[in-house]
Amino acid sequence: MNDETTVAGELEKAGGEALTQTETAPEAAEPSGETEKTENTQQSETTETAKQTKKKNFLTRGFLPSDKNMGYAFTIYTLLAPYFIWGVIALLYYSGVKEKYAWIKWGAIPAGVLAALDLVQVVRVFIRCRGKKKVGEPVNRFVFALIFSFNSMLMPDMIMGSPPVKANILYTLLGLALCMTLYLIGLAIFSNPKVWFGIINGFFAFYGFMQFYIYLFRGAPIQFSDIFNIESAKEASDLYKFTFALMPIYAIVNVAVMIFIFIKVKIAPAKAKTRIAAAVGTAVGCLVMVFVGRFAYDLGLKNRYIIMNFSGSENKLTYSNVGYNLMFYFDGMYNHVYKPDGYSDEKAVEILSQYETKKADKDKKPIIIGIMNESFADFKHIGDLKTDKDYMPCYNALKKESIYGYVTVSAYGGYSCNSEYEFLSGNTMGFMPAGSAAFTQFIDGEQDSLVSYLNEQNYHTMAVTPCRPGLWNLENVYKYLQFDQTEYKCHEHIVPVKEINNNISDETVFQCIKYAVDNNIHKNDSLFIWTTTMQNHGDYTPDNRKTTPHNIEIQGIKNDEASIYLDSIYLSDKAFGDLVDHFRNYDREVIIVMFGDHFPHIMSFTEKLYGQDVSTLSTGDYARLHQTPFIIWSNKGLESKEIKDISLNYLSNEVMKAAGLPLAPYQQELEKVRQTLPIISMFGYMNSDKKWFETSDDDKKTTDIRNEYNIMQYYRMFGNVKKDE
C-alpha cells in the first residue's frame, strides 16, 4: 500500500516536470534580439580575424609554406642559397674584369637581396623542421627530380666559376634536359628512387670536384676522351698535389646536404601511371638530346667553339659558354673521327702505289736516338723575355752544326701522347677531334709507323722511358707501333737517381740511353732508340725549388712558376749537351733528334709575354704557343740549316733524310703534301703562302691535298684491308 502510493506520487511529480518543460520550450526556442546581436558580433570578429591572418600569411606564404608543403621549402631553399650567392659573386666579378660588362654590377643588388631573403628562409625552415623526423607531406616525384636536375646542372659550373647564363639559352635548356633525363630513368625503374638520385647527384658533384683540380693541374678541363685515360691519370697522379680550395669543397657540402634532404623529405609513392609517365619522359628526353642536341652542336659549337680550342684556357671558355655537363656530352656524342670525302681502302692503296719502296744501304744505317723532351719550350719565341743569361746555351751552340727550328705541335700543357703519336706515325691530330688522346682512343691494334718501317730496314727498335707501362696505355701502344723491345721505368737501373723539379732528371734518363746504346746486343742491326723525359713536367710550385737549383734570373717579370720552369729547362739543356758530347767521338754514326712535346701551362706568364688574353690572338700569333724547339744533330756532321715552317707529323722525314735513309711510300706522300700544307695541327694549318687558317676553315688552295692526306691517314688508322706499303 505504501509502495503504490509512493510510486504514484513520483509519477505525478515527473509528469508535472515534463509538462512544465513542454510549456516553456516554445519560449526558449525563440531567440531574443539581444542573443542575435551577440552572435552577429562574434561572426564579424571571426571574419575580421581571418582577414588579418590571411593578410599576414600573404607576406610569408610564398617564402615559408605551411607544414603541408614544408618538404618543398626544405629542398628548394637549402639547395638554392649557394646559387644566389654565386650569382652575386659572378656579377661582381665579370663587371670588374670585363670592361664592356661593367653595367652588370647593378644586377648584384637584386641578386644580393634574393640571396639574403633565401638565407633567412633557410634558417626559418630549419627552425620549423627541428626535431621532426620527416617534414611536410610527400613531395611530387617529378618536382623532386626537377629540383635536383637544376642542382646537378649548375653545380659543376659553379665549382668552375662559370657564369650561370650561357652563350645561348638553348644550351641552358639542353643542359637541364640532360640532367632531367638521367633522373627520370630512376623514376621509371625504382619505386624509391633516392639511391638513384644520390648516385646521379654524387656523380655530378665528383665531376665538378675533379674538373677543378684537373684544370688546375694541366690547364685543360676534363673531356669525354679522358674516360679512356683513367689508367694514365692514375699513373701520373703522384706528380700532382691537391691543395685546399673553397669551390671544390662545395661539391662535398652539396652531397652532404642532399643526404640530409633525403633523410628529412618524403617522396610521393610510385604508381603505375607515374612510372609510365617517367618512362615516356625519359624517351622524350633522349630524343631531345639526340636531335635538338645535334642541331645545337652544328649551329653553335662545331664551327665556332670546339674546333677553336687553341689551348686549355680557351677549351675552358668553351665549357663555360656551353655548360660543363652539356659540353662533356657533346664531346662524347659528336667529337669522332669521320671518314673523309671519297674514302675507300682501294683509293688509299692507289695513292700509295705511286711510290717505290727502297732498301737502305747497308753501309749507311746510323744509330738514331729520338728524344721527346717534356715541356721543353722557349718562351722567347712568344714574347720579349729577358733573363740574366741564356737558359738554352747548349741548344743554341749546337745550331751551328745541326738542323733546327721550331716545330708546330698539337698539344698544349698536356696530352704528350699526341706529340709522340704525330712524330712516330707521321699522322696529324688535325684530322682528329679536339681534346682527343690518340694513344688511348685510336690505337687498338698494329699500325704502320716510323718504328715498323725501321724494322723493315733491319733496325732494332727500342723504347726506353722513365714512365710506367700504364701511362697513356704505353704497354699496348708500343707493341702496336711495333717496337722490338721496351724498357719502362728505366731509371730503376741507375743508382743514384737524380731528381729535378721533383721528377726523374733528364740526366738520369740520358744515362739510360747511353747504357742502352753501349750494351746493344743486336750489333749486326742498327739501332733506333726512342725516349721520353719527365724532368720539366709541372707543376712548378715552391716545393719543387728544393730539387731545382736557382740558375736563371727573369728580368722585369716576377713569376715563381716561370722561374722554377726556366731553371729546370737550363738543367735539361745541360743534360742534352752532355749526351751529345758522349756520342761526339763514338765509333759509329749517331743521329740525335730532340724536340719539346708542348709548352708548359703557366698562363699568367704566357699572357704577360703576349701582352693580351690568349683567346683573343689570331691563329698565326697563337701558333707560337704550339711551337717548340727541335734539333737534329749527327756526330759525323750536318750542314747547319734552320727550318722555319714544319709541323711534328713531318719531322721524322727530316730525321730520315739526315740519316741518309730512303723514305717509306707514306713518307714520300707526306713530302708531297708538305709542299702545299707545310703546317697542319689540331688547332689550325698554314698553306704554302704562309696564311693561317682555323681547322674548321676551308682554304681552297689546300682542300684537295688535305682530303688526300686525310684519306691516307684514315686508311692507316682504320683501313679494313691489309695495309701494304
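Ile569 is buried, with a relative accessible area of 0%, where buried stands for under 20% relative accessible area, exposed for over 50% and partly exposed for what lies in between (1.4 Å probe, protein chains only). The model is a predicted one, in which local features need pLDDT of at least 70 and side-chain atom pairs count only at pLDDT 80 or more, while totals for chains, interfaces and linings use all residues. Residues are numbered from 1 along each chain as its sequence is written, and side-chain values use heavy atoms, with hydrogens and water left out.

**Ile569 and Asn536**

Ile569 belongs to helix α20 (residues 560-584); helices (H or I, at least four residues) and strands (E, at least two) are DSSP runs, numbered from the N terminus. Apart from neighbours within four places in sequence, Ile569 is in contact with Ser375, Phe376, Ala377, Tyr391, Met392 and Asn536, contact being defined as heavy atoms within 4.5 Å. Between Ile569 and Ser375 there are 8.7 Å in space, C-alpha to C-alpha, although the two are 194 residues apart in sequence.

Asn536 is found in the loop between β10 (526-532) and β11 (554-555), and Asn536 is buried, its relative accessible area being 0%. Beyond four places in sequence, the contacts of Asn536 include Glu374, Ser375, Phe376, Asn501, Asp506 and Ile569. A polar atom of the Asn536 side chain lies 3.0 Å from the backbone oxygen of Glu374; a polar contact is a pair of N or O atoms within 3.5 Å, where within protein one must be able to donate a hydrogen and the other to accept it, and residues adjacent in sequence count only if both atoms are side-chain atoms.

**The sheet**

An open sheet of mixed pairing is formed by eight strands in the order β7-β6-β10-β3-β12-β13-β5-β14, two strands being paired if DSSP finds at least two bridges between them. Its edge strands are β7 (485-487) and β14 (641-643), each of which pairs on one side only. From one strand to the next the twist averages 15°, with axes taken as lines fitted to C-alpha atoms, for helices over the stretch in contact, and angles running from 0 to 180 degrees between N-to-C directions. Helix α19 (residues 506-518) packs on the sheet, where it touches β3 (367-373), β6 (459-464) and β10, and its direction makes about 165° with that of β10.

Strand β12 is largely enclosed by the rest of the structure, because seven of its seven residues are buried. Val590, Ile592, Met594 and Gly596 point one way from β12, and Ile591, Val593 and Phe595 the other way. Strands β3 and β12 run parallel and are joined by seven bridges, with Ile369 opposite Ile592 in β12. Strand β12 (residues 590-596) also pairs with β13 (residues 627-634), in the antiparallel sense and over five bridges, and Ser634 in β13 is the bridge partner of Ile591.

**Aromatic pairs**

The structure holds 35 aromatic pairs, for which rings of Phe, Tyr and Trp (its six-membered ring) must have centres within 6.5 Å, planes under 30 degrees apart counting as stacked, over 60 as edge-to-face and the rest as tilted. Two of these pairs are set out here.

| Pair | Centre to centre | Angle of planes | Type |
|---|---|---|---|
| Phe212 and Tyr213 | 5.3 Å | 80° | edge-to-face |
| Phe379 and Phe605 | 5.0 Å | 75° | edge-to-face |

Phe379 lies in the loop between β3 and β4 (386-387) and Phe605 in helix α21 (residues 603-610), so the pair ties together parts that are 226 residues apart in sequence. Both Phe379 and Phe605 are buried.
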